[in-house]
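Please consult the sequence and structure shown below.

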Amino acid sequence: MSRRKLVVALAAIVAVAGAGAAATALTARGPRPVVADPGLPPATTAITRGDLSDSSRQDGTLGHLGERKINGGAAGTLNWIAPTGSVVERNERLYEVDGRPVRLMYGAEPMYRTLKTGDEGKDVRQVEENLAALGYTGFTVDDEYSEKTAAAVKRWQKSHDLKQTGTLGPDTIAFAGSAVRVEEASAATGDQTGPGRPVLTVTGSERVVRFKLAVADAARAKTGTRVSVELPDGTRAPGKVSSAGRTASAGDDPQDRTPKIDITVSFDDPEKIKGVDRSPVAVDLTGETRKDVLSVPVNALLALPGGGFGIQVVENDRARDVEVELGMFAQGRVEISGDGLREGMKVGVPSA
């Protein structure tokens, strides 16, 4: 194997590991003498100065944050379901059973029981937080369902033409963490429903992008990494990695069993993002950028006879090997540094 082919093979390996590993694995161990070489290379290229970035482009899919099912809370006949694609916010209808609306409230705990005066728990606090947010006050927001809480519930029931019982259960409200978007109906109007039977599949209302990334490249997409997303209409939108999976899987493609993790990207301005769900998008990971550095194509590197790596400098119709220190590998180029190197200097490369 030639000195150049050896270096290119090594560079392919270390590029996967990242710039830090590249510098460690390929940097020479100490200063080496300049070796005169009267043989001229078949072609040359110039050392360039500028920014070098190890950004990469990944194929992603436009979607919404999270997915969960909303189950029925009372037995009866479904006579209305929020339409697919609609966004349901606090106090708005999710579905109706026997003409009685079930409304959305915000909270992490499920609505699993009918609350009454004297009850205590996290679900009580959630109910009180929602009542207060809607303007039905007069009680202390805590874990106790007091008579004052029941009085606020009665006022809420009156505003929706409900029987003023002062109690509240899963036949009237359902909890989700925030506003939801209806992904699809799990039942149809006219169907019978009841506790535990799926009625709707919903997602969060926030637009996100999801893609899979090879485990070897996981360091490029840590939580908080800045990205730029090219949307289906050709426009670009900034964002950042909001979550990175911790469990790798080989995926379903028999032609590509590379272990990959799931990455989710959140937009800086999600309300401005348009496009059909599950549309393909391109995600540009910004990665690390080295500012104002000298670089050459990777195939300009040589493995020096005594160890370390260099480039073949061509000046005055003569060629000489010059040892270099290596930095970032990116975009088919490698950052170099060393004595006497300068922008525009000609170095040998294989013929095209």
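## Surroundings of Ser56

In this predicted model, Ser56 is in contact with Arg220, Val283, Asp284 and Leu285, leaving aside its neighbours within four places in sequence. Ser56 itself lies in strand β4, which covers residues 56–64.

The relative accessibility of Ser56 is 18%. Ser56 therefore counts as buried, since that class takes in residues under 20% relative accessible area. The side chain of Ser56 also makes a polar contact of 3.5 Å with the side chain of Gln58.

## A four-stranded open sheet

Elsewhere in the description, an open sheet of 4 strands runs in the order β3-β19-β24-β23, and its pairing is antiparallel. From one strand to the next, the twist averages 55°.

Within this sheet, β19 (residues 289–297) pairs with β24 (residues 333–337) in the antiparallel sense over 4 bridges. Val296 stands opposite Val334, a residue of β24.

## The protein as a whole

The protein has 352 residues, of which 42% count as buried. Its secondary structure includes 4 helices and 25 strands.

Among contacts between residues at least 6 apart in sequence, 67% join residues at least 24 apart.

Key. Residues numbered from 1 in each chain as written. Predicted model: local features only at pLDDT ≥ 70, side-chain atom pairs only at ≥ 80, totals over all residues. Heavy atoms only, no water. Pairing = 2+ DSSP bridges. Helix = DSSP H or I, 4+ residues; strand = E, 2+ residues; numbered from the N terminus. Axes fitted to C-alpha atoms, helices over the stretch in contact; angles between N-to-C directions. Buried < 20%, exposed > 50% of the residue type's maximum accessible area, 1.4 Å probe, protein only. Contact = heavy atoms within 4.5 Å. Polar contact = N/O pair within 3.5 Å; in protein donor to acceptor, adjacent residues only side chain to side chain.
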